[in-house]
Amino acid sequence: MTAAQADLQIDRPRVADGAALWRIARDSKVLDLNSSYSYLLWCRDFAATSAVARDERGEPVGFVTGYVRPDRPDTLLVWQVAVDEAYRGRRLAAALLDGLAARTVAERGLTTLETTISPDNTASQRLFTSFAERHGARLEREVLFDTVLFPDGPHEPEVLYRIGPLPATAR
């Protein structure tokens, strides 16, 4: 954790954090916004595979949501990463991702991290590319969901980023 992150605490989300996570996602103007109900469920059902950063008052200022893939129990799929605008530029997303990966690898023996990123989301591309570099892990990319699969209007393809195997230090 850097000096700019020192006043922040990273832990598991709680149900009461769901509304704040929804607001942070909405205000990002980059993420596909899910219903507020889904963020409440995420904080209840996937807290063990998600992380939240809290300010000195305990308020959420960033989050990473993820889940273990049912057909690949060694793989953590990162669903969303978002940081409140006032806390951007502190490498908080990287700290959240590193902390979540270390925790889930230690608790569940995971070896691989996956996420999907649209081609126009350069910030996420940089975040996950640098994560792979920091951990000395291989990064593979392939289109997972092509544009034609999305029924709700124009949507960029979602590119799968598969990172692993994660090193022993993360395990």
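**Close-ups of a predicted fold**

View 1. Start with Thr 65: the residue it bridges to in S4 is Gln 80. Tyr 67 has a partner in S4 too, and that one is Leu 77. Strand S3 covers residues 60-69 and strand S4 covers residues 72-83; the two pair in the antiparallel sense over 8 bridges. S3 is largely enclosed by the rest of the structure, because 8 of its 10 residues are buried (under 20% relative accessible area; exposed is over 50%, partly exposed in between; 1.4 Å probe, protein chains only). Keep in mind that this is a predicted model: local features need pLDDT of at least 70, side-chain atom pairs count only at pLDDT 80 or more, and totals for chains, interfaces and linings use all residues. Numbering runs from 1 along each chain as its sequence is written, and side-chain values use heavy atoms, leaving out hydrogens and water.

**View 2. The hairpin of S2 and S3.** Here 4 bridges join S2 to S3, and the strands run antiparallel. Arg 54 sits opposite Pro 60 of S3. There are 5 residues between these strands, and Gly 58 in this hairpin takes a positive phi near 85°.

View 3. Strands are DSSP E runs of at least two residues, helices H or I runs of at least four, numbered from the N terminus; pairing takes at least two DSSP bridges.

View 4. Angles run from 0 to 180 degrees between N-to-C directions of lines fitted to C-alpha atoms, for helices over the stretch in contact (heavy atoms within 4.5 Å).

View 5. Gly 18, Ala 20, Leu 21, Ile 24, Ala 25 and Ser 28 are the buried residues of H1. What covers them includes helix H2 (36-45), S2, S3 and S4. Lys 29 has a phi near 60°, a positive value in a residue other than glycine. It is exposed, too, with a relative accessible area of 72%.

View 6. The largest core has 30 residues, of which Val 78, Leu 92, Leu 113, Phe 128 and Ile 163 touch the most other members. H3 gives the most to this core, with 8 residues. Apart from it lies another core, of 9 residues, including Ile 24, Cys 43, Val 52 and Phe 63. A core here is a set of buried Ala, Val, Leu, Ile, Met, Phe, Trp, Tyr and Cys residues joined through side-chain atoms within 4.5 Å.

View 7. Arg 91, in the loop between S4 and H3, has a positive phi of about 65° although it is not a glycine. Gly 164 and Pro 165 are joined by a cis peptide bond, with omega about 0°. Pro 165 belongs to the segment after S7.
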